[in-house]
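Please keep the sequence and the coordinates in view while reading.

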Amino acid sequence: MLNLKSLADLLLSINNTTPIYLCGHTNPDQDSVGSCLSLSRALRLLDKKSFVLLKENDKNILSWQNDYQNIVSQVTHSEFVFIALDLNELNRLGAFEKDFLKAKLTINIDHHSGNKTNANFVYSDEKSSSTCEIIYNLLMKIDKNLITFKTSENLYAGIMTDTNCFTRRITKKTFYITQHLINSKIDYQYINKSTLWKRTKEELYSAGKLANEIKQTKHFNYVIVNHNDYPYSTLSLNDLTKKVAEDLRKIENLDVFVMFIIRKDGLITAKVMTNVSNNADVIANLMGGGGHKKESGFTTSENLESIVNKIDDFLSNKN
Ligand SMILES: [Mn+2]
């Protein structure tokens with residue numbers, strides 16, 4: 001496992017002619033795409049040849065910033081370095097996993113618990129609010145001038161959204177960093193409004209409808225979302241898990257709360273949230289997923305009833 005200094009040295013040692021591909025997780029959020037863009041811009045300023053991998057239909061996540069420089073949708077070199085950000089297992093790379101496996105050198109930078117990527121070099125810090133917080137510290141270690149205005153915007157967006165507007169996983173370092181980023185005159189209100197706070201009518205309608213349909217087992221609460229049905233069909237998986245689920249978890253007296261999404265392809269994607277307990281990652285891991293202590297997720301082909309029973313059994317053994 002690397003420390004920040006050895007990670008910085010490793011990046012600086014990459015030959016300037018070697019292409020470096022940076023890639024975040026599927027269903028990208030501001031932290032994954034923001035950490036990729038921030039590190040990529042810094043590598044370019046250091047005369048390295050870097051690219052951010054992002055699927056064409058995921059680009060809308062950057063519409064608030066309108067900066068698509070050096071973003072590509074596929075690897076076009078045969079010899080390259082691959083840096084995976086904001087993920088702890090390879091299937092989170094989706095279609096780009098095959099490229100990771102072909103790379104001559106792999107690096108993984110992340111803040112989720114339990115790292116399973118087997119990258120050549122791993123920097124993993126569960127105590128960081130976000131991968132963007134790690135990238136801020138990394139860039140400061142190399143040269144503070146690498147934190148440009150655009151990069152400040154991305155780092156702020158990643159930190160603010162991953163902490164759900166500073167309501168979780170924060171430390172005093174998170175605020176210290178945020179202070180620095182805000183001092184660079186970024187329009188933080190605009191970024192808040194155009195990312196985390198933004199809701200469409202369909203998102204609010206979904207939350208309201210689901211609030212009325214919360215089911216309860218002996219040990220946890222859950223909702224079932226059929227992605228084929230209106231209004232959910234108009235929303236992306238990301239909107240459902242990042243926005244609708246976040247609104248629902250605010251309902252009083254919820255601790256362990258799961259949103260099950262029956263996907264259009266028949267698989268089930270779930271977001272596991274806890275408000276008091278600290279075991280969302282352990283619960284998600286029962287179905288092969290993972291994440292953070294208070295929010296986590298998994299995707300499975302198992303049937304819903306057996307998943308519900310598995311989670312309930314696990315929680316009953318704990319209590
Ligand atoms: Mn993250």
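The domain assignment of the protein chain gives domain 1 (4-194) and domain 2 (201-318); such bounds come from an automatic or database domain assignment. Residues are numbered from 1 along each chain as its sequence is written. The model is predicted, so local features need pLDDT of at least 70 and side-chain atom pairs count only at pLDDT 80 or more, while totals for chains, interfaces and linings use all residues.

The C-alpha centres of the two domains, domain 1 and domain 2, are 27 Å apart. Ten residues of domain 1 are in contact with ten residues of domain 2, where contact requires that the C-beta atoms of two residues, placed from the backbone, lie within 7 Å. On the side of domain 1 that touches domain 2, there are six polar, four charged and no nonpolar residues. In this classification Ala, Val, Leu, Ile, Met, Phe, Trp, Tyr, Cys and Pro count as nonpolar, Asp, Glu, Lys and Arg as charged, and the others, Gly among them, as polar.

The sheet may be taken next. Strands of a sheet pair through backbone hydrogen bonds, either parallel or antiparallel. Here an open sheet of six strands has the order E3-E2-E1-E4-E5-E6, with parallel pairing. Its edge strands, each pairing on one side only, are E3 and strand E6 (121-124). Strands (E, at least two residues) and helices (H or I, at least four) are DSSP runs, numbered from the N terminus, and two strands pair if DSSP finds at least two bridges between them. Five bridges join strand E1 (residues 19-23) to E2 in the parallel sense; within this pairing, Ile20 has Ser50 in E2 as its bridge partner. Helix H2 (residues 30-45) lies across E1, E2 and strand E4 (81-85), and runs at about 165° to E2. Axes are lines fitted to C-alpha atoms, for helices over the stretch in contact, and angles run from 0 to 180 degrees between N-to-C directions.

The axes of helix H5 (residues 149-162) and helix H6 (residues 172-183) come within 10 Å and cross at roughly 145°. Ser152, Leu155, Tyr156 and Ile159 in H5 meet Thr174, Ile177, Thr178 and Leu181 in H6. By class, this contact of H5 with H6 comprises five nonpolar residues, three polar ones and no charged ones.

Which residue in the loop between H5 and H6 deserves attention for its backbone? Arg169 is found there, and has a positive phi of about 55° although it is not a glycine. Most residues other than glycine have a negative phi, and most peptide bonds are trans. Arg169 counts as buried, with 21 C-beta neighbours inside 10 Å; a residue is buried if 20 or more other C-beta atoms, placed from the backbone, lie within 10 Å of its own, exposed if 12 or fewer, and partly exposed in between. Asn70, in the loop between strand E2 (49-53) and strand E3 (71-72), also has a positive phi, near 60°. Asn70 is partly exposed, with 15 other C-beta atoms within 10 Å.

The bond from Tyr230 to Pro231 is cis, with omega near 5°. Pro231 is found in the loop between strand E8 (221-226) and helix H9 (237-248). Tyr230 is exposed, with 11 other C-beta atoms within 10 Å. Its C-alpha atom is separated by 8.7 Å from that of Ser206, 24 residues apart along the chain.
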